[in-house]
Amino acid sequence: MADWKKNTVHTLDITGYTAEGMGVARLEGRVVFVPHTIRGERWQVRLEKVNKNVAWGRGVELLAASPERRERDCPLMGRCGGCQFRHMTYAEELCAKGQRVADALERVGGVRLDLPPVLGAETPLRYRNKVQFPVAQEKHGLAIGYYRPRSHDVLDAGDCLLQPQCVTDLRRAFKGWMEAHSVPAYREEEGSGLIRHLYVRTNSRGESLCCVVVNGEGVPFGGELVEALRRAHGGLAGVVLNFNTRDTNVILGPEYRTLWGRDWLEEDLRGLTFRLSVPSFFQINRAQTERLYGVALDFAALTGEETVLDLYCGIGTISLALARRAKKVIGAEIVPQAIEDAKGNAGRNGIENAEFFCGDAGAVAQKLAEEGVRPQVITVDPPRKGLGPEVPAILASMAPERIVYVSCDPATLARDVKRLGELGYRAVKAQAVDLFPRTSHVETVVLLSRETNPLTVEVRMEVETGEVKEHPTYKRIQEYVQEKYGFKVHTAYIAEVKRMVGLDMHKAPNAVEQRKHEYHPCPPEKVEAIKDALRHFGLIAE
């Protein structure tokens, strides 16, 4: 039995990767995670943290190197926490990311798909179109750069191979301005100081937009700041101040003021033009976003006759691309400014068949379902936490033919694929796209298709009696109630009454498995109407 203690050294073979890009080895059946290693390598590993069945180690001597190993091309790797794969070839990185997606879908989602190779970038260098630098007064002086791993210590970063050269130049000029005029950095522990973050957005037209986040009402020597930044980058479009005086980790505060120029950039994507303000969400790798959205459009398989619901629509990037191939697109997003941007982007691109609603994705979808909206296709592009717990059932209740799920986190994607599978939507195919080369992040698009058609009546032969019985869908029950009683009933109410009378939920396709707090109890008159429908279809006795 090997010595399973801290600081002991063992010879280990690296067999795979964690979701964060660390190498995985085994020591007599127990798992050891080792950063900056590559599968197929053999290392002398020192155990630095030991739990009962898992340990974290550090490679102290490389005994057998992988042919995929490369010299690190950034002196900050391992110190800033930004990149996890700079020690290997890009091809090996893509293999690791593809395996991560496949493992998540199989182990968490319970589905095994024949996944094509990850769509890699033409270049893994200088692709970020948005950079947010924390600013701090550290022990060794002013630091403008990135947080060290698992800390709020700021590492001063003169350059980063993921950001455009103009961002490096603007950061250098900004730091020079702060030092020349003794402008104080924010001190998180005390809530004092002025400059919290430097935020830079760029576009493919060679322009940049700078936003300075301040713990106050303005900046001293504002004219000198603008002059320094304009000298650093001739494509500077504007300088904006953002005011954040709250004790929070959220970067941006609620108020802005333009110090010079304009407070927006425009970006081109899939033949459309989008206006981006400072808080606008836009994927950070434009070239790969073109490919990501191309996959999503292919999976949607639009003919021009469909109504599409796009949840978590942001500023309308996917919505407007869909609108050019659909009859109608409805977008929903919880951020008010994003919805205003989406409406403006629709107008600028002359798109009239898209409308946008501000609100929580689940709440908007539920309201649309209650109004009888039945999209043929639903697209979702949620944040890293995935769909809210109530959302899958609401989507299923709308009975779309296809759901196209765009995800930035394979684990939450797989969890939601499993939830949707339990509601009658089967994962048909998936494609991973690398929007974040050299980091552990990866985007994935999954197509889910409805296994049975809930707009038709399913007929089954009962083996025991030979009797043909009609097992109606929620849609048929709704139609019966509407025709006989003159009012609509939500699928959640049908599910509630089915439970009330002891029916098995699996007998109705797209059944709503849970009723969340947003649903009010079914009114008595609707309870009786639904019971009448259940009796009509022979699901309960007279």
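**View 1. The second largest pocket, with a volume of about 580 Å³.** This is a predicted model, where local features need pLDDT of at least 70 and side-chain atom pairs count only at pLDDT 80 or more, while totals for chains, interfaces and linings use all residues. Residues are numbered from 1 along each chain as its sequence is written, and side-chain values use heavy atoms, leaving out hydrogens and water. A pocket here is an open set of points on a 1 Å grid over the protein atoms alone where a 1.4 Å probe fits, with protein on both sides within 12 Å along at least five of seven lines; its volume is the space filled by probe spheres set on the points, joined across faces, edges and corners.

**View 2. The lining of the second largest pocket.** Look for 25 lining residues, each with an atom within 4 Å of a point. Tyr17, Thr18, Ala19, Asp103 and Arg107 lie nearest the centre. Helix α1 gives the largest share, 8 residues; helices are DSSP runs of H or I with at least four residues, and strands are E runs of at least two, numbered from the N terminus.

**View 3. An open sheet of 7 strands with mixed pairing.** Follow the order β9-β8-β7-β10-β11-β12-β13; strands pair if DSSP finds at least two bridges between them. The edge strands, β9 (154–156) and β13 (255–261), each pair on one side only.

**View 4. The antiparallel pair β10 and β11.** Strand β10 (residues 195–202) meets β11 (residues 208–214) over 7 bridges, and here valine 200 stands opposite cysteine 210 in β11.
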